[in-house]
Amino acid sequence: MGLLQTVLPFKLDVTDESLSAHGGQALHGEYLKAVNVAETIDRELPPPGSAKGYAPSVHAIPLILMLSGGGRSLEDLRVLRSDTALRRLLQLEVMPSSDATGDWLRRMGQADGLEGMHRVNRTVFQRLVSRDGRLSFTLDIDATQIVAEKRDAKWTYKSERGYMPMVGHMAELGLVVGHEFREGNVAPQTRNLEFMQDCDAAMPKGKKIVAVRADSAAYQAAVLNWCETTGKVFAIGADQDSAVKAAIAAIPEGDWTSFRDGWIAETVHCMNKTGKAFRLVVMRRPRDVDLFEQGSPWRYHAVASNREDEDAAATMVWYSKRGDASENRIKEIKIGFGMESMPCGQFHANAMFFAVGVLAYNLFLGFRADALDDDWSNSQVRTVRWRLFQTPGKVVCHARQVVLKIAADMLDVFAQIRERCARVALNMMEGGVVHATS
């Protein structure tokens, strides 16, 4: 009996037809064209050093498409480069090599490219926020660790080499309003006030930040005073220093009420150099204590807040929402858009790569809101990839027209998305070019 050569009864052959496994990425590329992101990038970033060099968008647009499509490293640009069918749809006639794009990241990071990319991000952010009907927004900030076994990477407080970028989100929209790529040895407490002020300044005219949430790294008198003087509501994790511990110990036992899997109470507290006292909302849970161990049987979590006219439980619930509004969205940037690892050995090149990743994240949220219907409103990028971007297609030319052929059950979906992209492009033309305001 002969050896079984295959498990399933089909054969392999080759075709000279123009095929793409990522036909749906053409829709995302059409949205990028509609919002003029390439023109914005070329306007804000330094031009090539010679006439033979590539414009900044020639490097950046493939990076955005690659990260949105699921690529994890610069080498994954080769998949896009070899997909001639998709490139024809996207009109990507010229595409640099992975090595050339890596060199571009290093040059831009050392020159004015990083500041230029921040301006691009701000322009995109302001356009997306401006089309939202709300006037008031909540800012969530958090630092996150990116582990990187790079020669020049610094040790983080978690005893790993890497970076510690700070990211600020608009809770209501999920958009990144600001980010700051930092060395791993930069403490999360560093520049919290300045970062919040930068985020505040990034808001478009008529829109404002009215509330701030952050973990205990932002528990600083300067931050609390700034929130008070600018009329912002805040809920910030309290560092359990000796003064906070003493305030917690002074809470009468009768003040504690049942809350979730523990108990909650509050007191009034102030810090040195704060201009005004604030509420200290405290939650406690039982902890395992050894028979011979001395100390409190409770684990405490405290939150400083100036929210009024509500009980301690309501304040703690509002503060806890930052887990979704900030922490989970940072996970989406890192895991969904490949920012959990950095491609280069130089800090400034990785800072540039992270800035492109943030731009890809914001543009995806814009695409989801502007071009997809409400059924997609909470979909993560991996879901959109699986259900839309990875739609296979065949590209043919007919009567001098480029045609993307897809499965019949996706035709109406594609057509509706393209119509919405066309409306976005029309609105952009009618509204003029949007420049970031400072």
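## Around strand β8

In β8, K208 is the bridge partner of S136. That contact belongs to a parallel pairing between strand β2 (residues 136-143) and β8, which runs over five bridges. Strands here are DSSP runs of E with at least two residues, helices are runs of H or I with at least four, and both are numbered from the N terminus. Two strands count as paired if DSSP finds at least two bridges between them.

β8 also pairs with strand β9 (residues 233-237), again in the parallel sense, through four bridges. Look for A211 here: its bridge partner in β9 is V233. Strand β8 (residues 208-214) has five of its seven residues buried, so the rest of the structure largely encloses it. Buried means under 20% relative accessible area, with exposed over 50% and partly exposed in between (1.4 Å probe, protein chains only).

## What you're looking at

This is a predicted model, so local features need pLDDT of at least 70 and side-chain atom pairs count only at pLDDT 80 or more, while totals for chains, interfaces and linings use all residues. Residues are numbered from 1 along each chain as its sequence is written, and side-chain values use heavy atoms, with hydrogens and water left out.

β1 and strand β14 (residues 393-398) are joined by three antiparallel bridges, and L19 stands opposite K394 in β14.

The other open sheet of three strands has the order β3-β5-β4, also with antiparallel pairing. Here β3 (146-147) and β4 (154-155) take the edges, each with a single partner strand, so one side of each is left without a neighbour in the sheet. β4 and strand β5 (residues 161-163) run antiparallel, joined by two bridges. K154 stands opposite G162 in β5.

The largest pocket holds about 930 Å³ of space. The search runs on a 1 Å grid over the protein atoms alone: a pocket is an open set of points with protein on both sides within 12 Å along at least five of seven lines, a cavity is a set where a 1.4 Å probe fits but cannot get out, and lining residues have an atom within 4 Å of a point. Grid points are joined across faces, edges and corners, and a volume is the space filled by probe spheres set on the points. The largest pocket has 32 lining residues, with A26, E30, L89, L90 and Q91 nearest its centre. Two or more lining residues come from each of α1 (25-34), α2 (37-44), α3 (56-69), α5 (84-90), β15 (401-405) and α15 (408-431). α1 supplies the largest share, seven residues. By class, the lining has 21 nonpolar, five polar and six charged residues. Nonpolar covers Ala, Val, Leu, Ile, Met, Phe, Trp, Tyr, Cys and Pro, charged covers Asp, Glu, Lys and Arg, and the others, Gly among them, are polar.

The second largest pocket comes to about 520 Å³. It is lined by 25 residues, and L173, R329, L365, R368 and S377 lie nearest its centre. The elements giving two or more residues are α12 (322-336) and α13 (347-371), and α13 gives the most, with six. This lining splits into nine nonpolar, seven polar and nine charged residues.

A search of the whole structure turns up two cavities of 30 Å³ or more. The largest cavity has a volume of about 40 Å³ and is lined by L224, N225, E228, F234, T274, G275, K276 and F278. Helix α9 (residues 221-229) gives the most to that lining, three residues.

The second largest cavity also has a volume of about 40 Å³. Its lining is I141, D142, A143, M166, P188, N192, D215 and A217, with the largest share, three residues, from β2. Five of these lining residues are nonpolar, one is polar and two are charged.
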